[in-house]
Amino acid sequence: MPDLSVDIGGLKLKNPILTASGTFGYGEEYASFINLNDLGAIIVKGLSLKPRMGNPPPRIIETASGMLNAIGLQNVGVHAFIEKKMPYLRTLEVPVIANILGENAEEYRQIAELLSRAPGVAALEVNISCPNVSKGGIAFGANPDSAMDVVRRVKTVTDLPVIVKLSPNVTDIAMIAEAVESAGADALSLINTITGMSVDIERRIPHLKNITGGLSGPAIKPIALRMVWQVVNRVKIPVIGVGGIMDASDALEFLIVGATAVQIGTANFINPQSTIHILNGLHAYMEKHHIGNIHEIIGTLTC
Amino acid sequence: MKKKLNLGSGCVIENVNTAKDHFVMSLLLSSTCEDALPGQFVMIRKQGVKDPLLSRPLSLYGVYQTEAGTVLEFLYRVVGKGTWALSRLTGGDQVDILGPLGRPFEVIPDRNHVVLLAGGIGAAPLAYFAEYLAKDLDRPADRKEEAASSRNIRFYLGATTAAALVGLEKIERFCKEVRISTDDGSAGSAGMITDLFQKDLAELDQRDLCLYSCGPSPMIRSLSRLIEPFDIPCQVSMEERMACGIGACLGCSIKVRDASLGWAYCQVCTEGPVFDIKDLLWE
């Protein structure tokens with residue numbers, strides 16, 4: 001058996017296949033399709049301090065090789081997550097990573113503090129890149145100073161590994177990556193969705209009520225890959241690649257470029273067993289090429 | 001909470017263009033499915049194809065157990081890229097199926113006058129429900145005779161024009177009474193199907209009546225206003241765009257009444273697609 005284990009900022013994972021926040025609910029939604037314990041980690045739907053209703057529908061539309069979404073972070077809130085969702089997640093062996101989003105820097109700190117005290121949370125993923133909410137999210141991720149402020153506040157209240165999820169909707173993603181690394185981030189995940197839009201030509205209205213949404217799926221994979229490659233060359237902390245990974249070869253591209261792990265997002269919607277298929281594909285690739293350890297793949301790109 | 005969900009494949013038996021933009025597709029499932037109920041839906045996509053990317057939700061139009069296995073039937077309208085791709089499938093093509101999903105129509109045992117009211121392609125789930133009720137599939141085998149004599153099923157079907165009246169063949173086979181209206185008057189009475197129902201409502205015994213509906217939002221909304229003064233149970237099947245069908249993407253939210261918050265969004269895929277009409281909120 002090849003060794004697929006990786007270390008994400010102190011968090012040991014048995015394999016590098018993670019679920020992208022917002023595509024995997026709170027884990028339980030997928031329990032009838034896969035053995036959740038086979039995953040490297042589960043990253044749950046983004047959590048805010050208070051429950052959020054989300055945006056008015058329509059919230060999604062398919063586009064060429066992808067989809068736009070403007071869910072608007074509909075979630076149960078951090079308190080209900082701890083009380084109602086964590087008990088189930090604690091019955092699993094798989095590490096659970098909580099994705100958090102505040103309306104201001106102080107809220108990020110509060111959410112981080114609550115989750116750090118909740119048994120069973122293995123790491124935090126700080127979402128400074130949601131394009132679909134009016135407050136928080138991308139407002140912090142587009143500016144290095146505000147991004148650093150959020151990371152510093154979160155770091156003061158938690159001993160958990162802090163992963164910062166970066167937005168592609170910036171001029172220089174590597175600059176933001178360096179900034180959050182210097183503020184103490186333990187790892188990075190990139191990319192979040194790319195802002196886009198789509199128009200109904202018969203009614204001449206946007207397909208999404210929110211007008212714009214975040215583009216995900218195979219359409220964004222080359223962009224995500226390029227950004228991961230740019231960032232791994234500029235930071236020392238581990239990078240988790242995410243964006244349009246549909247199969248094992250997509251995942252391998254990210255690993256070769258230098259990602260320590262990958263997140264599977266939109267693919268979960270198309271086939272709820274995608275994560276396991278990708279994991280099996282990684283095994284098969286390693287066996288075929290007689291690779292005993294995943295680190296013999298990570299960051300081996302020759303240019 | 002825990003419910004077993006099927007992820008499997010099917011083989012297209014036929015896919016017939018029954019009216020302009022409307023198709024009836026039947027599939028033979030690779031495994032037996034015994035609990036596919038009226039009102040439920042499946043996520044479906046052509047196997048091995050990356051474009052369209054997402055599966056499409058289709059409600060069940062018929063379910064038959066045959067010697068070869070379970071056959072699912074769908075009546076659908078081509079409205080975009082996804083349904084257009086489905087309409088291109090021919091006999092022998094393989095599809096990926098996730099389902100049956102969602103909350104089915106609930107039979108109300110002590111209400112024997114059943115009214116099914118559909119607009120356009122909304123006929124699909126209700127035609128299957130009519131068949132289900134007419135065959136007494138909800139009742140134990142030893143009570144079927146008593147039931148058959150007591151249940152009266154009336155179908156109201158509305159469409160823009162005569163050519164868009166779909167599912168009629170099945171509906172007429174299973175419903176004693178079928179009332180039709182079209183916007184242009186090319187079949188049945190001219191006007192809205194809810195208006196036709198409103199005219200008849202006074203004559204119906206409301207204590208014995210239950211209503212089921214599916215169709216365009218304005219129709220459901222009219223129906224909601226129309227029956228508000230009465231105490232008639234009414235279940236409606238709703239539609240929204242979906243990515244996953246299993247409550248993960250949160251793409252298919254609609255506004256519903258919520259006891260503590262006043263209102264909330266809830267998922268059509270897992271909490272619906274069948275809702276009590278009194279729980280729906282309109283902008």
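Predicted model: local features only at pLDDT ≥ 70, side-chain atom pairs only at ≥ 80, totals over all residues.
**Domains of chain B**

I started with a distance: the C-alpha centres of domain 1 of chain B and domain 2 of chain B lie 24 Å apart. For the bounds, I looked up the domain assignment of chain B, which gives domain 1 as 7–101, domain 2 as 113–237 and domain 3 as 238–283.

Next I asked myself how many residues each domain brings to the contact between domain 1 and domain 2 of chain B. I found 13 residues from domain 1 of chain B and 14 residues from domain 2 of chain B. On the side of domain 1 that touches domain 2, β1 (7–19) and β6 (69–77) of chain B each supply at least two residues. The most comes from β6(B), which gives three residues to that side. I then sorted the residues of this side of domain 1 by class and got six nonpolar, five polar and two charged.

**The sheet in chain B**

Both of those strands, β1 and β6, turn up again in an open sheet of seven strands in chain B. I wrote down its order as β4-β3-β7-β1-β2-β6-β5, with antiparallel pairing. Which strands sit at the edges? They are β4 (56–59) and β5 (62–66) of chain B, each of which pairs on one side only. From one strand to the next, the twist averages 35 degrees.

I zoomed in on one pair. β1(B) and strand β2 (residues 22–29) of chain B run antiparallel to each other over eight bridges. As a landmark I picked B:E14, whose bridge partner in β2(B) is B:S26.

Then I checked what helix α2 (residues 123–134) of chain B does, and found that α2 lies across β4, β5 and β6 of chain B. Its direction is at about 140 degrees to β6(B).

**Where chain A meets chain B**

I turned to the two chains together. Here 27 residues of chain A are in contact with 25 residues of chain B. On the side of chain A that touches chain B, β5 (60–63), β6 (66–69) and α8 (267–270) of chain A each supply at least two residues. By class, I have this side of chain A down as 13 nonpolar, eleven polar and three charged residues.

**Two helix pairs in chain A**

I recorded the crossing of α7(A) past α9(A) as right-handed. From α7(A), the contact takes A:A248, A:A251 and A:L252, and from α9(A), A:I278, A:G281, A:L282 and A:Y285. The tally for this contact is six nonpolar, one polar and no charged residues.

My other pair was helix α4 (residues 144–157) and helix α5 (residues 173–182) of chain A. Their axes come within 8 Å and cross at roughly 30 degrees. This crossing, of α4(A) past α5(A), is right-handed. Which residues meet here? I listed A:P144, A:A147, A:M148 and A:V151 in α4(A), which meet A:M175, A:I176, A:A179 and A:V180 in α5(A). In my class count, the contact of α4(A) with α5(A) has eight nonpolar residues, no polar ones and no charged ones.

Key
Residues numbered from 1 in each chain as written. Chains lettered and ligands numbered in written order. Contact = placed C-beta atoms within 7 Å. Helix = DSSP H or I, 4+ residues; strand = E, 2+ residues; numbered from the N terminus. Nonpolar A, V, L, I, M, F, W, Y, C, P; charged D, E, K, R; others polar. Domains from an automatic or database assignment. Left-handed = near helix turned anticlockwise from the far one by under 90°. Pairing = 2+ DSSP bridges. Axes fitted to C-alpha atoms, helices over the stretch in contact; angles between N-to-C directions.
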